[in-house]
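The points may be followed alongside the sequence and the model.

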Amino acid sequence: MNSNIYKSTVFDMACLQFDRAADILQMDHRLRERVKTPKRCMIVSCPIELDTGEIVVYEGFRVQHHLSMGPTKGGLRFHPKVDLGEVAALAMWMSWKCALVDLPYGGAKGGIAVDPHTLSANELEHLSRRYMQEMIPFVGTNVDVMAPDMGTNEQIMAWMMDTYSSYVGSSAPAIVTGKPIGAGGSEGRREATGRGAAYLARTYMQDLGIAPQSATVIIQGFGNVGSEAAKAFVEYGTKVIGISDVSGAFFNPKGLDIEDALEHVAKNRSLAGWNGGDSLSNEELLEQPCDLLMPAALERVIHAENASKIQCRILCEAANGPTTNEADAILLERGDVLVIPDVLCNSGGVIVSYFEWVQDLQSTFWTRDEVLSKLYVILERAKTKVEKQKQRYGCSRREAALSLGISKVAEAKRLRGLFP
Ligand code: NAD
């Protein structure tokens, strides 16, 4: 494809990962571009009236990567640096992730270039509803289903579901997942991504002979994913020694009081001003010694400059795309860090989103125990497949996970054929 519309560092990173996996699979060249290229993208302008009376127009994006295996599925991100290239890369990764864990979905992602913390609750509601309103021609319960991602949450999903439902004239809970339970959400969805990542980390600790009760973990990002992972680690007896958010990082090798940090964030919306540990910069936190390092915020935070300095046994990629391809090569060369790649590590979120969608479509509900036990079965199965693929091709764990997802999408496209 000669188009430049997605041109960005993150999109280039996702494309290079695809090319490597396609080489490993010796994928037919006639299929490659079809499988890699996003199917369609939307850019919408979202005008809203601020509390001051001023009108501001925000730019919103959505990329639907492929439609060959069911509706597309993927989060919606509110962040000032969101652009079409980043959204396209995240949509691609969603495709491979959904295929890896056997969900009947293609990947999608959306975003608005905005810092949600600068908006009042009223303004945030207007923006969320306006974005959904603009997307109505392109989404549907069997077309494209959104979910929360960085900067968005359950409340935003409830507003978006309400906006879509008003349009169709009846309640349509399956149009988004990650809703509050009272608005058609699922038990276990809020904690699914963080808890799923912690669950997988624990299984890999066992593989390496590390006792969870004597292990330490550092988590970057203390939002939905990072804080839920921290809670799960506390339950496993693993000591959380470092946490951070956009305001800064906190570290204490003896362990942090996660309950207290959660209370602080609930009151103050961020960790700023917390006095539960020594203050460090986000960069410094990543380089502290620990057994597990879990990036749970942005892309590309483990890069060529710090990859040789991180001091963990397991890198748990709860965020999407946290490790650059250059850093990946350095870690592979080092050989002393086990990387749980993002498409596997954070797949708990979309797995339970799928459970939520199924429950909404069938007007039924499952208990939290049912949800989590079904989640763990799928995670274990995906992990086993990845380990076998890694052995089979003698490749990295990331290449194994990506090639599994990519080969499944390629096979679906090959079987369906190319419409003349
Ligand atoms: P969130 O908005 O709830 O939390 C993000 C956290 O990252 C916040 O604490 C924020 O302050 C922090 N952060 C932002 N910039 C930072 C920086 N420069 N340094 C350190 N911390 C920073 O978002 P989330 O839903 O927890 O998503 C986090 C990551 O997990 C994203 O990469 C997202 O794509 C991925 N993910 C989320 C889900 C989900 O279900 N929410 C599913 C799969 C993957």
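**Note on the ligand site and a pocket**

1. Of the 24 residues around the ligand, those that come nearest are Asp 149, Gly 151, Thr 193, Ala 297 and Asn 320; a residue is near the ligand if one of its heavy atoms lies within 4 Å of it. This is a predicted model, in which local features need pLDDT of at least 70, side-chain atom pairs count only at pLDDT 80 or more, and totals for chains, interfaces and linings use all residues. Residues are numbered from 1 along each chain as its sequence is written, and side-chain values use heavy atoms, with hydrogens and water left out.

2. Polar contacts are pairs of N or O atoms within 3.5 Å. An N or O atom in the side chain of Thr 193 is 2.7 Å from an oxygen atom of the ligand. A polar side-chain atom of Arg 189 lies 3.0 Å from a ligand oxygen atom, and a polar backbone atom of Phe 222 is 3.1 Å from an oxygen atom of the ligand.

3. The ligand on its own has 820 Å² of accessible area, of which the protein covers 86%; such areas come from the Shrake-Rupley method with a 1.4 Å probe.

4. The shell around the ligand holds 10 nonpolar, 10 polar and four charged residues; Asp, Glu, Lys and Arg count as charged, and Gly is among the polar residues. Domain 1 (9-180) and domain 2 (192-345) each give at least three residues to this shell, with bounds from an automatic or database domain assignment.

5. The lining of the second largest pocket comprises 17 residues, and Asp 328, Leu 332, Ser 396, Arg 397 and Arg 398 lie nearest the pocket's centre. A pocket is an open set of points on a 1 Å grid over the protein atoms alone, with protein on both sides within 12 Å along at least five of seven lines, and lining residues have an atom within 4 Å of a point.

Key
Polar contact = N/O pair within 3.5 Å; in protein donor to acceptor, adjacent residues only side chain to side chain. 1 Å grid on protein atoms, 1.4 Å probe; cavity = no way out; pocket = protein on both sides within 12 Å on 5 of 7 lines; lining within 4 Å.
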